[in-house]
Amino acid sequence: MEIFDLTIHELHDKLKAKEVSSVEATRAMLDRIEAVDGQVNAYITVTPEQALVEAEAADRRIAAGDIAPLTGIPMGLKDIFITKGIRTTCGSRILENFVPPYDGTAVAKLKEQGAVIVGKLNQDEFAMGSSNESSYFGPVKNPWNLECTPGGSSGGSAAAIAARTATATLGTDTGGSIRQPASHCSCVGVKPTYGRVSRYGVIAYASSLDQVGPLTRDVTDAALLLGAVAGYDPKDSTSVNTPVPDYLAGLKTGVKGLKIGLPKQYFIEGLDPDVKRAMDEAIALYKSLGAELREVSLPHTEYAVATYYLIATAEASSNLARYDGVRFGHRAEEIRGLKEMYAKTRAEGFGSEVKRRIMLGTYALSSGYYDAYYVKAQKVRTLIMQDFLNAFNEVDVLLTPIAPTPPFKIGEKLADPLQMYLSDIFTIPVNLAGTCGISIPAGFSAAGLPIGLQLIGKPFGEATILSTAYAFEQETQWHLKKAPL
């Protein structure tokens, strides 16, 4: 097994035993990036010099007997995380040359443990997309089939795991942007409860929906990485001051007696046959392990996509108003006056999907439409949230598909944005409700494309979904299969 094939916990054991150094591991990862990323396009920026400096510091720390779970581990970050001295583009032309002066909280926590950052990962522009095709830096390709998308918006993060060009990565999830690419790339992705992980230093798309989470090769790594970045942060006014459990310690609790709900609105006609088969096999496996499965109802699910695209675009319209050519980022040239600078800068700097969502959000917030659209969407969001709370009075965890289909071809849905939006139909409600979810590998289609399984937990129930996922992983071992790259 190559060094770049190792999980966090496997590499940690080798670093601790002095069988390998962080410098060796980092060089192996950088060589791997150079060898295969030209095919995948998972990275926007690679930082070899800085990564090797961090690896040398990690080796000194290990030599002194000071080793944390992430010390010396080469990782990548979605290019939405503010990183001191490393350009942070958010996949957009408007921030193409932006170099931040500070680290966001999640990044700072990784550095405190001695993690090594090898680069910044490609994404849909400002996290707006489900296929990673809206990036100014070109689409990311799925390592399982280079003609297919890896999902989005954290497509670069998931593809880097599948291509083995990062031991682990962090992404963000606004409407499924961690879980859907994790499903499409056969890795593990966790969307924590809103407020569990600080958003300070994360470029905002939709502030009431965005949440930071890990993408990893197995559930053990997901537990380790989530534990490293979770916790209260006074710099983030939406951060929740509640204790963080030891996720790793609770992984092996098993599922005997666990009540798993199957929302009838998620097992719909039109579900791809391969996805349905994978879900049926997962349900049968959990039954064999002693879990109790029962049908539940989330009656307002049909309104989730419309509700999401009103709330998310309204918040995006507000958040993206700061990109005006005045303070930072791209500024148009040959301009005559302030208004022309605003208009020309934003026209040049933003891609078509971002412009579409800004216009939708501005319309929803405009005078005469605010109550009819935005306020009504917030009311429906409350109903969706209550659906989940009612279901969790009956069950401990919900089991659903991640996406209606396996990964689709690059370009297949670009001409029809509504079809693209519907690919997130099973993930969006979790963000609206503010609760937690995880995607784990659940098999492959007849064409060899990955299929993921979603487990949804109660608010701050990450420990339960992680242990439920771990039980499935240990039985199936789907996570051990490698992309043919």
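Helix 9 and helix 12 are oblique to each other, where oblique is what remains once angles under 35 degrees (roughly parallel), over 145 (roughly antiparallel) and 65 to 115 (roughly perpendicular) are taken out. This is a predicted model, so to speak of local features takes pLDDT of at least 70 and side-chain atom pairs count only at pLDDT 80 or more, while totals for chains, interfaces and linings use all residues. Residues are numbered from 1 along each chain as its sequence is written, and side-chain values use heavy atoms, with hydrogens and water left out.

The axes of helix 9 (residues 304-319) and helix 12 (residues 370-391) come within 9 Å and cross at roughly 125°. On the helix 9 side, the residues in contact (heavy atoms within 4.5 Å) include Leu-310 and Ile-311, which face a helix 12 set with Tyr-373 and Ile-384 among them. By class, that contact has 9 nonpolar, 2 polar and 2 charged residues; Ala, Val, Leu, Ile, Met, Phe, Trp, Tyr, Cys and Pro count as nonpolar, Asp, Glu, Lys and Arg as charged, and the others, Gly among them, as polar.

Now for the backbone. Most residues other than glycine have a negative phi, and most peptide bonds are trans.

| Residue | Phi | Relative accessibility |
|---|---|---|
| Arg-164 | near 60° | 10%, buried |
| Phe-460 | near 60° | 29%, partly exposed |

Buried means under 20% relative accessible area, exposed over 50%, and partly exposed in between (1.4 Å probe, protein chains only). Arg-164 sits in the loop between helix 5 and strand 4 (168-173), and Phe-460 in the one between strand 11 (450-457) and helix 15 (462-476). Then there's the cis peptide bond from Gly-152 to Ser-153, with omega near 5°.

Definitions and conventions: Helices (H or I, at least four residues) and strands (E, at least two) are DSSP runs, numbered from the N terminus. Axes are lines fitted to C-alpha atoms, for helices over the stretch in contact, and angles run from 0 to 180 degrees between N-to-C directions.
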